[in-house]
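Subject: Structure handover

Hello,

Here is the structure I said I would pass on. My notes on it follow below.

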Amino acid sequence: MIVQRVVLNSRPGKNGSPVAENFRIEEVNLPDNINEGQVQVKTLYLSVDPYMRCKMNEDTGTDYIAPWQLSQVADGGGVGVVEESKHTSLTKGDFVTSFYWPWQTRAILDGNSLEKVDAQLVDGHLSYFLGAIGMPGLTSLIGIQEKGHIIAGSNQTMVVSGAAGACGSLAGQIGHLLGCSRVVGICGTQEKCLFLTSELGFDAAINYKKGSVAEQLRESCPAGVDVYFDNVGGDISDTVISQMNQNSHIILCGQISQYNKDVPYPPPLPPAIEAIQKDRNITRERFLVLNYRDKFEPGILQLSRWFKEGKLKLF
């Protein structure tokens with residue numbers, strides 16, 4: 001059987017921006033037979049995520065993300081259906097997912113590397129297992145639970161950068177659901193700002209491309225910032241940190257503004273901002289959702305419940 005796949009054609013360089021030419025599509029033959037413990041799957045959905053920029057480098061800078069190899073198939077989050085199985089726990093027709101799904105139309109995979117998913121949890125929308133009811137949703141939920149220190153009824157204000165993105169749009173909603181009294185999003189267009197406030201329940205939204213972020217932040221967060229869900233890093237995060245309260249908390253989800261630069265992760269703060277962080281006892285700890293696998297199952301069930309109850313809006 002001939003299948004199509006996407007391979008890494010070239011690297012953009014540690015300080016370069018990715019371009020289409022860094023990838024190429026090729027056709028390969030899939031073996032006719034599968035071995036014991038293996039399954040043949042048809043790819044239904046693939047996820048393209050910010051962390052993959054690190055996988056394009058020869059060295060990802062982390063010990064938990066392996067780099068893509070030149071002329072080898074790329075991989076990431078994926079959902080598919082089993083077409084043939086020689087694995088004891090998987091049968092034809094099962095829907096499965098993996099964090100290391102190859103970017104090809106069909107594949108033969110080790111059944112132990114796959115997780116069976118229940119389509120009823122997402123009302124048949126299987127792509128949601130790569131979004132709100134998958135890794136982005138778990139990252140938002142577990143990140144807030146583990147690093148946000150939200151106490152319902154204590155009038156906490158949360159700020160979310162990259163608020164219209166996969167994690168940010170969920171984090172703001174989850175912040176409210178877990179007890180934040182005020183949630184403010186930061187994004188890059190007026191349309192996104194309106195969407196956050198009119199559709200997703202954010203109390204206010206800031207367009208960082210229009211006017212002073214510091215001034216808008218002071219207006220939107222008159223009592224300061226207690227929890228910051230950080231997706232972007234850089235100047236925006238420095239501005240937010242400067243307005244955070246004593247004993248507040250940063251949930252370090254991502255630093256997308258820094259991914260095309262050769263800097264360590266998490267990137268160091270400017271000296272003045274680092275001084276504020278230390279003086280106000282602001283926690284800023286690296287967060288990796290893969291370290292909380294024991295919380296995945298209850299997390300998926302919680303996210304699914306909110307979705308079915310209409311409390312978590314997806315787009």
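By class, what residues does the lining of the second largest pocket have? The lining has six nonpolar, four polar and one charged residues. Please keep in mind that this is a predicted model. The space in that pocket comes to about 220 Å³. Its lining is made up of Ser 127, Tyr 128, Gly 131, Ala 132, Gly 165, Ala 166, Ser 169, Leu 170, Lys 313, Leu 314 and Phe 315.

Two of these lining residues, Tyr 128 and Leu 314, also turn up among the contacts of Phe 307. Phe 307 belongs to helix 8, residues 296-308. With a relative accessible area of 15%, under the 20% limit, Phe 307 is therefore buried. Leaving aside neighbours within four places in sequence, Phe 307 also contacts Leu 121, Val 122, Asp 123, Ile 133 and Leu 312. Val 183 is 124 residues from Phe 307 along the chain, and their C-alpha atoms are separated by 19 Å.

Six strands make up an open sheet with parallel pairing, in the order 10-9-8-11-12-13. At its edges are strand 10 (204-207) and strand 13 (283-286), each of which pairs on one side only. On average, and ignoring direction, neighbouring strands of this sheet are turned by 20° against each other. Strand 11 and strand 12 run parallel and are joined by five bridges. Asp 230 has Leu 252 of strand 12 standing opposite.

Helix 2 (residues 135-148) packs on this sheet, where it touches strand 8, strand 11, strand 12 and strand 13. The direction of helix 2 makes about 145° with that of strand 12. Helix 6 lies across strand 8, strand 9, strand 11 and strand 12, and runs at about 165° to strand 11.

Why is helix 6 described as largely enclosed by the rest of the structure? Helix 6 covers residues 234-241, and six of its eight residues are buried, so the rest of the structure largely encloses it. The buried residues are Ile 236, Ser 237, Asp 238, Thr 239, Val 240 and Ile 241. They pack against four strands of the sheet: strand 8 (157-161), strand 9 (182-187), strand 11 (225-230) and strand 12 (244-252). They also pack against helix 5 (213-220) and helix 7 (271-279).

Strand 3 (residues 38-46) pairs with strand 6 in the antiparallel sense, over five bridges.

Which residues of strand 6 are on its covered face, and which on its uncovered one? Strand 6 spans residues 106-110, with Ala 107 and Leu 109 on the covered face. Arg 106, Ile 108 and Asp 110 are on the uncovered face. In a regular strand, side chains alternate between the two faces of the sheet.

Two loop residues

Gly 111 lies in the loop between strand 6 and strand 7. Is Gly 111 buried or exposed? Gly 111 is buried, with a relative accessible area of 3%. Not counting residues up to four places away in sequence, Gly 111 touches Gly 37, Gln 38, His 87 and Leu 90. Gly 111 and Val 122 are 11 residues apart in sequence, and 23 Å apart in space from C-alpha to C-alpha.

Ser 89 is in the loop between strand 4 (75-85) and strand 5 (95-102). At 45% relative accessibility, Ser 89 counts as partly exposed. Its contacts, not counting residues up to four places away in sequence, are Asp 94 and Lys 116. Ser 89 and Glu 115 are 26 residues apart in sequence, with a C-alpha to C-alpha distance of 10.0 Å.

Regards

Methods:
Residues numbered from 1 in each chain as written. Predicted model: local features only at pLDDT ≥ 70, side-chain atom pairs only at ≥ 80, totals over all residues. Heavy atoms only, no water. Buried < 20%, exposed > 50% of the residue type's maximum accessible area, 1.4 Å probe, protein only. Contact = heavy atoms within 4.5 Å. 1 Å grid on protein atoms, 1.4 Å probe; cavity = no way out; pocket = protein on both sides within 12 Å on 5 of 7 lines; lining within 4 Å. Points joined across faces, edges and corners; volume = space filled by probe spheres on them. Nonpolar A, V, L, I, M, F, W, Y, C, P; charged D, E, K, R; others polar. Pairing = 2+ DSSP bridges. Axes fitted to C-alpha atoms, helices over the stretch in contact; angles between N-to-C directions.
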